[in-house]
Amino acid sequence: MPAPPAPRLDRRRFLASVLGVTAAAAAGLSGCAEAGAAADEASLKAPLATKVPAGTSLKISSFENFQQIQLKLAGLDDLPFEVADWLNIGAGPDVINAFRAQSLDLANNAGIPPIQAHYQGFDAKIVAINITRRPNYLFATRPGSDIRTARDFRGKRLAFSQGQAQGVVLLRALKEAGLEYDDADLIPLTSNQFLTALQSGQVDIAPLGISQAPSYLKQYGSRGARTIPTDVVDLLNLLWAPTTVLADRAKAAAVAAYIPYWARGAVWQYEHPDVWNREYYVKTQNLTPAQAESITELANKPLFSPGWEEAIAWEQETADLLAEGGYVKEFDVTTLFDRRFESLAAEAVPEEYRT
């Protein structure tokens, strides 16, 4: 039997309950971030160095070794700087905490974590963008559920992570289905809890990444679990870094040097699905070849724009959507973008991969 309904979500207390950040701590962090931003203003506007100084190193996120494997397979592992550490870290809240601890310099996330970091008072900026046109997430139902469309989300328990891409995908799906936030119970969880919550019946719906859905359906499809298709996309796949990193001339040069490798690696992966399926999904993620193929069939073609106008507009719409629900305060998202890096990804790839 499914678990009893959870209490309705108090959105104004949600941030503290999920991320463990008290209002006082957030205020203190905000003061530190504002002071740091003022001190680094000139450095953040300085032209980027054209060469990475010798001895420069970066600590870069690479969840489940994704980035190292991609670069190695693509023959792009000759980075012009040292990688001091590849951190097995991916979720936005974890990335923000690692940024704060100065154990991470550069991360790959969706559009939500930079908004969440700003709300918490941590100063970081976006430096590269890969536009995604197709959904990266599918809404999965618990076993035995009768949910078949997004309109059926009314009155149901939905797994919701405010600080991650899955959270805004869910909010957009509710909006497209004509539902208000209060029409469903948004259960505060982090994405690494979604599968367990579905399996146990704690929630009726959770957004799963397209790489997670095949194995979940294989295990629970015979018991009535299914996926609910929608047209909701999470537009931005991005690189971002703390302003303290970007204000460091040597590290900023390394970030700029890394962006073309990041873009070319994504193109290589898209153009070599058979190799990627075998070497990554089958050998490291323990998926079957058929499951791997089902994932790559849904993969987005990498798209890098020399101008960020569309990305900024989408990020503003996302921030406004969160503000409507009381999750963040309204603000101008242009402060999240370091436009010194704007054209670097697009310049590194063939014309067909530019928007």
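# Aromatic pairs and nonpolar cores

Tyr 181 and Tyr 327 are both buried, a term for under 20% relative accessible area with a 1.4 Å probe and protein chains only. The model is predicted, with local features needing pLDDT of at least 70 and side-chain atom pairs pLDDT 80 or more, while totals for chains, interfaces and linings use all residues. Residues are numbered from 1 along each chain as its sequence is written, and side-chain values use heavy atoms, leaving out hydrogens and water.

## Aromatic pairs

The structure contains 15 aromatic pairs (Phe, Tyr or six-membered Trp rings with centres within 6.5 Å; stacked if the planes are under 30 degrees apart, edge-to-face if over 60, otherwise tilted). In one of them, the ring centres of Tyr 181 and Tyr 327 are 6.1 Å apart and the planes meet at 50°, so this pair is tilted. It connects distant parts of the chain, 146 residues apart: Tyr 181 belongs to the loop between α7 (165–176) and β7 (185–188), and Tyr 327 to the loop between α14 (309–324) and α15 (344–347). Helices (H or I, at least four residues) and strands (E, at least two) are DSSP runs numbered from the N terminus.

Tyr 216 and Tyr 220 form another tilted pair, with 5.2 Å from centre to centre and 35° between the planes. Both residues lie in helix α9 (residues 213–220), four residues apart, or about one turn of the helix.

| Residue | Relative accessible area | State |
|---|---|---|
| Tyr 216 | 2% | buried |
| Tyr 220 | 9% | buried |

Elsewhere, one aromatic cluster is formed by Phe 66, Trp 276, Tyr 280 and Tyr 281.

## Strand β6 and its partner

From strand β6 (residues 157–160), Arg 157 and Ala 159 point one way, while Leu 158 and Phe 160 point the other way; all are buried. Strands β6 and β7 run parallel and are joined by four bridges (pairing requires at least two DSSP bridges). Within this pairing, Arg 157 stands opposite Asp 185 of β7.

## Nonpolar cores

The largest nonpolar core has 105 residues, and Phe 153, Trp 240 and Phe 341 have the most contacts inside it. A core is a set of buried Ala, Val, Leu, Ile, Met, Phe, Trp, Tyr and Cys residues joined through side-chain atoms within 4.5 Å. Helix α11 (residues 249–271) supplies the largest share of this core, 14 residues. A second, separate core has 13 residues, including Leu 198, Leu 208, Tyr 220 and Ala 225.

How values were computed
Buried < 20%, exposed > 50% of the residue type's maximum accessible area, 1.4 Å probe, protein only.
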